Amino acid sequence: MSEKRLKRKKIKKKLFAKNRLVILNEDTFEEIFSLRLTLMNVFVVATIGALFIIFITTYIIAFTPLREFIPGYASSQLKRDATELALKSDSLTIALKKNDLYIQSIKKVLTGDLEYATFNKDSIVAATSLLVSEDDLKPSKADLKLRDEVEREDKYNLFEKAKPKVSTVLFPPVKGLITEKFNPKEKHYAVDVALARNTPIKAILSGRVIFADWTPNTGNVVIIRHNNGFISVYKHAASMTVAQNDVIRTGEVIALAGSTGQESTGVHLHFELWKDGYPIDPSIFIEFE
């Protein structure tokens, strides 16, 4: 125990022993500066200085813009820019996917490259017919009661406005004899109508012209995009009266009938009607003759 006490006393004596730090002039040995120190004072001052430096460094990193100059530390502006770019890239990816689908549908319209198996996916023309019994078609007692109530309410309703039963009405592009009907098995997704040369060809609905140019196989072609996913195609025209991106109205003349292109066998209109990327029979909705 005595040895430990002696060691402690020696350490304490060294820590609290007074020393003098003197700065002398090298040439004249004149005392310039002197300071009385102990090892304990040096340790306390060094500890306080280290803590002060740590506090200042932490404050600069956490609360001042100087932290942006530290390598590896991202600035708030950089984070905002990265977030904005990520959102823009997501929206651009979605737009590119939609544009690719749109281009593929236009490619199908121009080339007619469509498998017959996928044609049955058309939502307008039913692929199968359902057999319904006559008993299922008869109204129930609740239906009859509801019909009587509605009839009594509507009988004296003077403010009811008439509403059309058909949401979309297609204008006939031409009037003539159909020489070849719609036949998806033979990949003829159109109706061919024989016409006299330079017969006006009209738009079936209002819309925007997305293609109006000459092609080697089908000659002068006009493609119009309408609302509700409809696309109408007019091929083998002698000349066109519209250009791409033109906005046209229902019944407006867009071309003159002719016999252009390698696949043309005479003056006629090769008319196609597409819905959501799939062809449909135009004669179901339009009376050509």
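Predicted model: local features only at pLDDT ≥ 70, side-chain atom pairs only at ≥ 80, totals over all residues.

Reply: Residues are numbered from 1 along each chain as its sequence is written, and side-chain values use heavy atoms, with hydrogens and water left out.

Me: How many of the 15 residues of H1 are buried?
Reply: Helices (H or I, at least four residues) and strands (E, at least two) are DSSP runs, numbered from the N terminus. Buried means under 20% relative accessible area, exposed over 50%, and partly exposed in between (1.4 Å probe, protein chains only). H1 covers residues 2-16. It lies largely in the open, so the number buried is zero.

Me: Is Ile23 buried or exposed, or partly exposed?
Reply: Ile23 is found in strand S1. Its relative accessibility is 41%. That value is why Ile23 counts as partly exposed.

Me: Which strand is joined to S7 by eight bridges?
Reply: Two strands pair if DSSP finds at least two bridges between them. S7 has S8 (residues 230-240) as an antiparallel partner through five bridges. The eight bridges, also antiparallel, come from residues 207-215, and that strand is S6.

Me: Which residue in S7 does Phe211 stand opposite?
Reply: S6 and S7 form a hairpin with three residues between them. Seven of the eight S7 residues are buried, so S7 is largely enclosed by the rest of the structure. Opposite Phe211 stands Ile223.

Note on methods
Expected span 1.5 Å × (residues − 1).
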